[in-house]
Amino acid sequence: MPSPVPRGPAPTLGEDLRALERDFPYPRSLPTDPLAQVQRYRRDARSAEIVGVLASTVAVGHVKTIQQDLASLLARVGPDPRGLVEAFPRRMWRTFFHPWRHRWIRADQMGMLLLRLGEAYENYPGGLEEAFREGAEGSDPTERFAGGIDALSRVLRYGSLRETSSLYEPPPGYTALFPSPRAPGRPACKRELLFVRWMVRREAPDLGLWRGVDPAELHIPLDTHVYWIARHLRLTARRTRNWPTVVEITEGLRRLDPSDPIRFDFVLAHTGISGDCPKQRDWEICGRCRVRPDCDLWRGRPGGAGGAGPLRA
Ligand code: SF4
């Protein structure tokens, strides 16, 4: 019979997440992450930003498919993303990437995205960070960050913070690719939060190119793997993967590291992506897991928090 254990994250969580991070096999996981493509442009901030937007937009689905489809998209972009966006043949936006496709994301939508990036850089010579910072207003840090993501979403949708500024109408489904946390239903905006993490965090593997945004204000890009583990680490009990859940998990992580609350995002996501977490009690795999003492599936059992007796499944 499992022993009763207190609610909330285990007191060991911070220490165990740091151990997970310290021992994480980055050379195994990083090459499979879309961030690896963005890192190639780290010496050219504008190109890194462009490739970051493209890579985060297609960061949905199976990791291998993302890798393949992103590689073929970037082959069409060529070696100079900044030059392409500056001189993009706008009349060709529908056909530029044809016949590329990634799941439900179509070539015409990605062509429109290049067009919108060109418009955005005309309106914001300081780049997407300038637009983000223009939207990030107010005294409440969470609302300020949501305002920055909302501004980023509008700029990618319309090329400007104003909806009516472009001559070019977007294709069907385009604006839905860039949700805002202020929209009805308060979506989690995972792909935009992932892009902003890449640009803002100063520590590897992220690029730290947006020096005017404080990493302490970042919020977690909530993919299915991070959400599952966060629930089982008792960082949230919410059942919907939306903005309030993003905020709640981020607040829990902020208590572990106030200056860099989403530092564990990469390792949590790739623990799930790689199969290091089976999402069920399996001693063969969980026996090696650094956060097992904090995992709900093991609480009150031998090998987990509050458990007694010899380790066993
Ligand atoms: S203990 Fe097992 S189920 Fe829990 S997080 Fe670790 S690998 Fe996943």
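Mentor: Let's start with the overall layout. The protein splits into domain 1 (1–23 + 219–313) and domain 2 (34–215), with bounds that come from an automatic or database domain assignment. This is a predicted model, where local features need pLDDT of at least 70 and side-chain atom pairs count only at pLDDT 80 or more, while totals for chains, interfaces and linings use all residues. Residues are numbered from 1 along each chain as its sequence is written, and side-chain values use heavy atoms, with hydrogens and water left out.

Trainee: How many Å separate the centres of domain 1 and domain 2?

Mentor: Taken over C-alpha atoms, the two centres are 30 Å apart. The contact between them (heavy atoms within 4.5 Å) takes 20 residues from domain 1 and 17 residues from domain 2.

Trainee: And how do I find empty space?

Mentor: Rolling a probe the size of a water molecule over the atoms shows where empty space is left. Here a 1 Å grid over the protein atoms alone is used: a cavity is a set of points where a 1.4 Å probe fits but cannot get out, a pocket is an open set with protein on both sides within 12 Å along at least five of seven lines, and lining residues have an atom within 4 Å of a point. Grid points are joined across faces, edges and corners, and a volume is the space filled by probe spheres set on the points.

Trainee: What is the volume of the largest pocket, and why does it lie between the domains?

Mentor: Its volume is about 650 Å³. The closest to its centre, of the 31 residues that line it, are A59, V60, G61, K190 and D223. Both domain 1 and domain 2 give residues to the lining of the largest pocket, so it lies between them. Among the elements, α13 gives the most to this lining, with five residues; helices here are DSSP runs (H or I, at least four residues), numbered from the N terminus.

Trainee: How does that lining divide by residue class?

Mentor: Count Ala, Val, Leu, Ile, Met, Phe, Trp, Tyr, Cys and Pro as nonpolar, Asp, Glu, Lys and Arg as charged, and the others, Gly among them, as polar. The lining of the largest pocket then has 19 nonpolar, five polar and seven charged residues. The second largest pocket, of about 250 Å³, has five nonpolar, one polar and five charged residues in its lining. That lining includes L20, D23, R288 and R290.

Trainee: How many cavities of 30 Å³ or more are there?

Mentor: The search of the whole structure finds two. The largest cavity has a volume of about 170 Å³ and is lined by 19 residues, with W228, C277, C289, V291 and C295 nearest its centre. α11 (224–232), α13 (265–273) and α14 (283–286) each supply at least two residues of that lining. The second largest cavity holds about 60 Å³, and V53, L152 and F195 are among the residues that line it.

Trainee: Where does the ligand sit?

Mentor: In the largest cavity, meaning that more than half of its atoms lie within 2 Å of the cavity's grid points. The residues around the ligand (one heavy atom within 4 Å) include W228, C277, C289 and C295. By class, this shell has eight nonpolar, one polar and two charged residues.
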